[in-house]
Amino acid sequence: QVQLVESGGGLVQAGGSLRLSCAASGRSVINYGMGWFRQAPGKEREFVAAITWSGGTKDYADSVKGRFTISRDNAKNTVYLQMNSLKPEDTAVYYCAADRGRFRLQIGYGPHEYEYWGQGTQVTVSS
């Protein structure tokens with residue numbers, strides 16, 4: 001089993017930055033692709049960013065490209081999401097997730113492609 005715990009959320013003004021962390025325990029996630037999703041009130045959970053198990057491929061939702069950066073530190077069993085130039089529309093609960101299969105070469109864009117989920121961390125961007 002994999003347990004994921006997100007941290008780093010909070011309240012920030014528009015234009016500010018936050019760095020989210022997702023720490024894994026129970027089992028190493030170094031062989032798993034990892035993703036970040038977000039869910040705003042009344043909306044479906046949406047893809048934000050993902051990174052393959054090797055770190056060689058990353059992708060982002062169009063709405064965050066150029067502003068967000070996903071990275072991983074396998075020595076720490078942790079995945080990060082650096083969020084810059086935040087906008088009020090980035091307000092949501094952010095979740096990290098671990099892929100269903102190990103060593104996948106493709107990026108997973110749908111929530112159904114991930115097996116393990118964290119509890120989420122709230123990000124609120126004020127205008």
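Guide: A polar contact is a pair of N or O atoms within 3.5 Å, one able to donate a hydrogen and the other to accept it. The model discussed here is predicted.

Visitor: What makes the pair formed by the backbone oxygen of A92 and the side chain of Q122 a polar contact?

Guide: The backbone oxygen of A92 lies 3.5 Å from a polar atom of the Q122 side chain. The limit is 3.5 Å, so the pair counts as a polar contact. The Q122 side chain also makes a polar contact with the side chain of T124, at 3.3 Å.

Visitor: Why is Q122 called partly exposed?

Guide: Its relative accessible area is 40%. Buried requires under 20% and exposed over 50%, so Q122 falls in between and is called partly exposed.

Visitor: Where is Q122 found, and which residues does Q122 touch?

Guide: Q122 belongs to strand 11, which covers residues 121-126. Leaving aside residues up to four places away in sequence, Q122 touches G9, G10, T91, A92 and V93. For T91, the separation from Q122 is 31 residues in sequence, while the C-alpha atoms are 7.8 Å apart in space.

Visitor: How do you know that a disulfide joins C22 to C96?

Guide: The sulfur atoms of C22 and C96 are 2.0 Å apart. A disulfide requires two cysteine sulfur atoms within 2.5 Å, so this pair qualifies. The structure holds one disulfide. C22 lies in strand 3 (residues 18-25) and C96 in strand 9 (residues 92-102), so the pair ties together parts that are 74 residues apart in sequence.

Visitor: Why is the disulfide of C22 and C96 called right-handed?

Guide: The torsion about its S-S bond is about 55°, so the disulfide is right-handed.

Visitor: Do C22 and C96 count as buried or exposed, and why?

Guide: C22 has 1% relative accessibility, and C96 has 0%. The cut-off for buried is under 20%, so C22 and C96 both count as buried. Across the protein, buried residues make up 46% of the 127 residues.

Visitor: How many helices and strands are there in the protein?

Guide: The protein has zero helices and eleven strands.

How values were computed: Residues numbered from 1 in each chain as written. Predicted model: local features only at pLDDT ≥ 70, side-chain atom pairs only at ≥ 80, totals over all residues. Heavy atoms only, no water. Helix = DSSP H or I, 4+ residues; strand = E, 2+ residues; numbered from the N terminus. Buried < 20%, exposed > 50% of the residue type's maximum accessible area, 1.4 Å probe, protein only. Contact = heavy atoms within 4.5 Å.
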